[in-house]
Amino acid sequence: MIEETCRKMFLSLLPENIDKFSKEKKSSPKDGLKVYALAWAATFTLSLIVLAIGIFRDGMDTAVSNYLGFAVSGAFSFAAFLLISIFGLIWGIAATYAAQYAGNWVAKNAFNGKADFPSQFWLIMLFSGALMVADSILGLLSYLAPILEIPIGLFSLLLGIYGVYLMYYGMKSIHKLEASGAIVSVLSIMLVQALIFMAIAFFVGMLMVLLGVTALAPQL
């Protein structure tokens, strides 16, 4: 099951396979959530590799602080890493679910989209999950070879743009939409995601201020 899901995730990076997978009907959002959880597990494993290398080079406190972007020390270091990772999983699922639900509502109510939410959610999560893993791999490569940071960053940007295109293609394919309907549906997804991200960022920022957490100065 896991192997089959992984195979479909990376095959879905090709538009012709999105057309193929859009014909598969899902009865529950759990199918999409399972794909997200699998992608998150892969990215979490890669983040552990980055952290392990950092600990070997610089020690626990410095490595975790550099990874999180704020100063931690002592026994709290690794606990903070785990808590932030779990929090990221929870809010990531919530944001993705809400945004995809909004996109489905727009597609169906404004443009007579044909797909139900579970099927759309599963399809979009296939290539979105693959892109999550790919971006984490690029992050690991950038960490291992800082000299490649700029070209890897540019490639990551292009990958993000390609992800938006795949979302457009996926919405167009599964809902049988015209280009305008797919574009508006994707914009609604991105808008909801952005609003949730800003709300979470504000909440986390306020919490850090209240707890007296010190952000690290950017390295020049």
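View 1. Leu48, Met60, Phe78, Leu82, Ile86 and Ile90 make a nonpolar surface patch of about 470 Å². Patch members have over 30% relative accessible area and no salt bridge, and nonpolar side chains (Val, Leu, Ile, Met, Phe, Trp, Tyr) are joined within 5 Å. Areas are Shrake-Rupley with a 1.4 Å probe; a salt bridge is a side-chain nitrogen of Lys or Arg within 4 Å of a carboxyl oxygen of Asp or Glu. This is a predicted model, with local features needing pLDDT of at least 70 and side-chain atom pairs 80 or more, while totals for chains, interfaces and linings use all residues. Residues are numbered from 1 along each chain, and side-chain values use heavy atoms, without hydrogens or water.

View 2. Helix 5 (residues 76-111) gives the patch four residues, the most of any contributor; helices are DSSP runs (H or I, at least four residues), numbered from the N terminus. Isoleucine 90 sits in helix 5 and, at 54% relative accessibility, counts as exposed (exposed is over 50%, buried under 20%, partly exposed in between). Glutamine 100, also in helix 5, is buried at 1%.

**View 3. Phenylalanine 21 meets tryptophan 122.** Their ring centres are 6.4 Å apart with planes at 70°, so the pair is edge-to-face (centres within 6.5 Å; planes over 60 degrees edge-to-face, under 30 stacked, the rest tilted; Trp counts by its six-membered ring). Phenylalanine 21 belongs to helix 2 and tryptophan 122 to helix 6, 101 residues apart.

Methods:
Patch = residues over 30% accessible without salt bridge, like charges linked within 9 Å, V, L, I, M, F, W, Y side chains within 5 Å. Helix = DSSP H or I, 4+ residues; strand = E, 2+ residues; numbered from the N terminus. Buried < 20%, exposed > 50% of the residue type's maximum accessible area, 1.4 Å probe, protein only.
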